[in-house]
Amino acid sequence: MSSEVGARRDAKKLVRSPSGLRMVPEHRAFGSPFGLEEPQWVPDKECPRCMQCDTKFDFLTRKHHCRRCGKCFCDKCCSQKVALRRMCFVDPVRQCAPCALVSHREAEFYDRQLKLLLSGATFLVTFGNAEKSDTMVCRLSSNQRFLLLDGDSRHEVEVARIAAVQMLTEGFPPGETDTPTHTSLPGSQPASEGGNARATGMTLQYTAPGAEGVTQLKLMAGEDANGSRRQATAWLVAMHKAAKLLYESRDQ
């Protein structure tokens, strides 16, 4: 990737929308795959009452629109101002209680998991049906659009082209045999959050530009004593969360 192309991908501009100031990519095609589009607001004439508590709007009871869902509420039901990074708002914006809860939960991804993905981790990487695995560092690009794999060779996987993610785990309840398990998206929980299971690897299926069919990539955390195994496990859990946000963006 040339520096000129890279700069163009990362270029941003400040725009004002009815919901507030947003720092967005200059070119929409280079936006984060985890981002959400601003919703269309429910027209004022179509919401004479709060869509949560059914309070009638009048001169004293004003209507407010949630910046995340676009629905119309009274001040009591839409009083929280919460960061909404998936829509690139510069400042916290007004949201209804259910949306504010979701945005608070997503803040953990941006404050914690995203930093792990950007810093990267070391894995044994297998492409397709290859018999040999290569030791590579896998990390998310700064614009969040690519998984970058660096080793003896360099590869890029466009995040938006990832079709499926499967977490590979190992672990067992007391008294049972230790066997590998699989956790698939969407709708599953990160492996490290349940019981004694721990994340050991991940398979990604994606479509490569110009290629027919789906390509598979397998990441496996190596066994070592210098802490990179722990970093790799944390990275896998973070990528699992990122994949969930990716599915949500597509379903918007």
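1. Terms for burial come first: a residue is buried when its relative accessible area is under 20%, exposed when over 50%, and partly exposed in between, with a 1.4 Å probe and protein chains only. By that scale Cys-96 is buried, at a relative accessible area of 4%.

2. On provenance, this is a predicted model, in which local features need pLDDT of at least 70 and side-chain atom pairs count only at pLDDT 80 or more, while totals for chains, interfaces and linings use all residues. Residues are numbered from 1 along each chain as its sequence is written, and side-chain values use heavy atoms, with hydrogens and water left out.

3. How many disulfides are there (pairs of cysteine sulfur atoms within 2.5 Å)? The count is zero. Cys-78 is in no disulfide, and the nearest cysteine sulfur, in Cys-66, lies 5.1 Å away. Cys-78 is also buried, at 0% relative accessibility. For Cys-96, the closest cysteine sulfur belongs to Cys-99 at 3.5 Å, which is too far for a bond.

4. Salt bridges, defined as a side-chain nitrogen of Lys or Arg within 4 Å of a carboxyl oxygen of Asp or Glu, number 10 in the structure. One of them joins Asp-75 to Arg-94, with the closest N and O atoms 3.2 Å apart. Asp-75 sits in the loop between strand E4 (72-74) and strand E5 (80-82), and Arg-94 in strand E6 (residues 93-95), so this pair ties together parts 19 residues apart in sequence. Strands (E, at least two residues) are DSSP runs numbered from the N terminus. Asp-75 is partly exposed at 40% relative accessible area, whereas Arg-94 is buried at 16%.

5. Glu-170 and Arg-198 form another salt bridge, with 2.5 Å between the closest N and O atoms. Why does this pair tie together parts that are 28 residues apart in sequence? Because Glu-170 lies in strand E11 (residues 162-171) and Arg-198 in strand E13 (residues 198-206). Both ends are partly exposed: Glu-170 has a relative accessible area of 24%, and Arg-198 has 34%.

6. Arg-154 and Asp-150 meet through their side chains in a salt bridge of 2.7 Å, N to O. Arg-154 is partly exposed, with a relative accessible area of 48%; Asp-150 is likewise partly exposed, at 27%.

7. Beyond these pairs, a network of salt bridges links Arg-68, Arg-86 and Glu-106.

Notes. Disulfide = S-S within 2.5 Å. Helix = DSSP H or I, 4+ residues; strand = E, 2+ residues; numbered from the N terminus.
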